[in-house]
Amino acid sequence: MSATDSGAGFESPCLTAKQAAVYLHLNEKKLYELANSREIPAARIGGKWLFPRQLLDDWLLEQAHGGLFTDRLLIAGSGDPLLAAAVDALAPDLGAQALVAYSATGAVPGIEQLVRRRVELSLLHWGDAQHSVAQHATLLRSYPGHARWTLVRVALREQGVLLRPRFAGQPLEKLAGQEVRWAMRRAGSGSQHFLASALTDCGIRVEDCSAVTIARSERDAVALLARDDADCAPGSRAAATEAGLAFLALGWAALDVALPREVFFRHLFQQLLARLGAPDLRHLAARLGGYDLTPLGQVLPL
């Protein structure tokens with residue numbers, strides 16, 4: 001067998017099936033079984049399987065853990081009602097065999113947790129959907145360790161302002177210009193970033209709004225409005241529908257998850273994607289409104 005056949009000295013970032021089998025010390029039949037069942041990173045191009053060498057290395061490291069941490073999936077970042085529902089729906093199926101937990105920390109704090117390897121997934125939305133691929137990639141590339149991450153699209157989501165019912169129908173300019181009590185989000189929140197951009201487009205500064213409190217999360221913003229501690233807050237249509245609030249639509253954002261490449265191949269992550277795409281979750285998304293799940297599972301460039 002030549003050096004090229006064995007993979008030794010082979011400089012291409014992708015290996016053929018024969019080279020990958022030697023590289024992994026597997027027979028080709030077993031390799032094809034793993035590729036066809038999507039248990040190993042591979043792409044079928046022109047009728048032939050190709051195996052990215054870097055992803056194979058990540059996959060090997062994942063297998064070498066012997067199950068350590070593969071029975072957990074910790075999620076941080078942007079808050080989202082549909083993702084929270086998917087996590088809740090997955091928990092009974094897992095029982096005590098695995099843990100999937102979700103903490104809505106805000107987009108930027110979630111990425112910082114991912115950098116420190118305290119979580120496996122970070123949900124983010126940063127700016128409008130049209131420019132999201134470039135904006136998300138630019139944001140993530142500013143963090144150390146981004147070269148080992150991948151980005152997976154979850155959905156498109158309608159963003160805007162959560163309103164107490166008596167403010168329904170008010171335009172953004174009027175909400176910012178009169179004595180309306182705002183519950184703003186902290187810097188680093190995707191919803192706050194989206195609102196700031198919309199205000200700028202109207203020639204209004206965030207500082208011109210009458211902010212009376214800071215909401216720690218979207219659910220906290222909902223609670224502040226329910227308690228009459230504020231009149232409006234940045235958020236999603238889904239959160240407004242869930243809480244029976246009025247909603248002012250400002251545009252669409254893209255919900256993506258950033259994660260280490262090896263985590264992409266974990267069964268728990270694949271189970272989470274499958275749960276998000278299940279009929280009951282799609283029905284919930286339709287009832288909440290403001291979701292487009294068409295791009296669910298799409299892998300994006302970093």
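D228 is partly exposed, with a relative accessible area of 37%; here buried means under 20% relative accessible area, exposed means over 50%, and partly exposed lies in between (1.4 Å probe, protein chains only). The model is predicted, so local features need pLDDT of at least 70 and side-chain atom pairs count only at pLDDT 80 or more, while totals for chains, interfaces and linings use all residues. Residues are numbered from 1 along each chain as its sequence is written, and side-chain values use heavy atoms, leaving out hydrogens and water.

**Salt bridges**

What does D228 pair with? Its partner in a salt bridge is R181, with the closest N and O atoms 2.7 Å apart. A salt bridge here is a side-chain nitrogen of Lys or Arg within 4 Å of a carboxyl oxygen of Asp or Glu. Side chains of opposite charge can pair when their charged atoms come close. By this rule the count comes to 14 salt bridges. Three of them are shown here:

| Salt bridge | N to O distance | Relative accessible area |
|---|---|---|
| R181 and D228 | 2.7 Å | R181 26%, D228 37% |
| E120 and R72 | 3.1 Å | E120 6%, R72 22% |
| D208 and R205 | 3.0 Å | D208 38%, R205 52% |

Salt bridges that share partners also join R164, R181, D228 and D231 into one network.

E120 sits in the loop between α6 (107-115) and β6 (121-124), and R72 in strand β4 (residues 72-77), 48 residues apart. Helices (H or I, at least four residues) and strands (E, at least two) are DSSP runs, numbered from the N terminus.

**Around strand β8**

β8 and β9 (residues 210-215) run parallel and are joined by 5 bridges; two strands pair if DSSP finds at least two bridges between them. In β9, T213 is the bridge partner of A183.

**Two domains**

The chain is divided into domain 1 (14-63) and domain 2 (69-301), with bounds from an automatic or database domain assignment. Their C-alpha centres lie 35 Å apart. Across the interface of domain 1 and domain 2, the rule finds 0 salt bridges.
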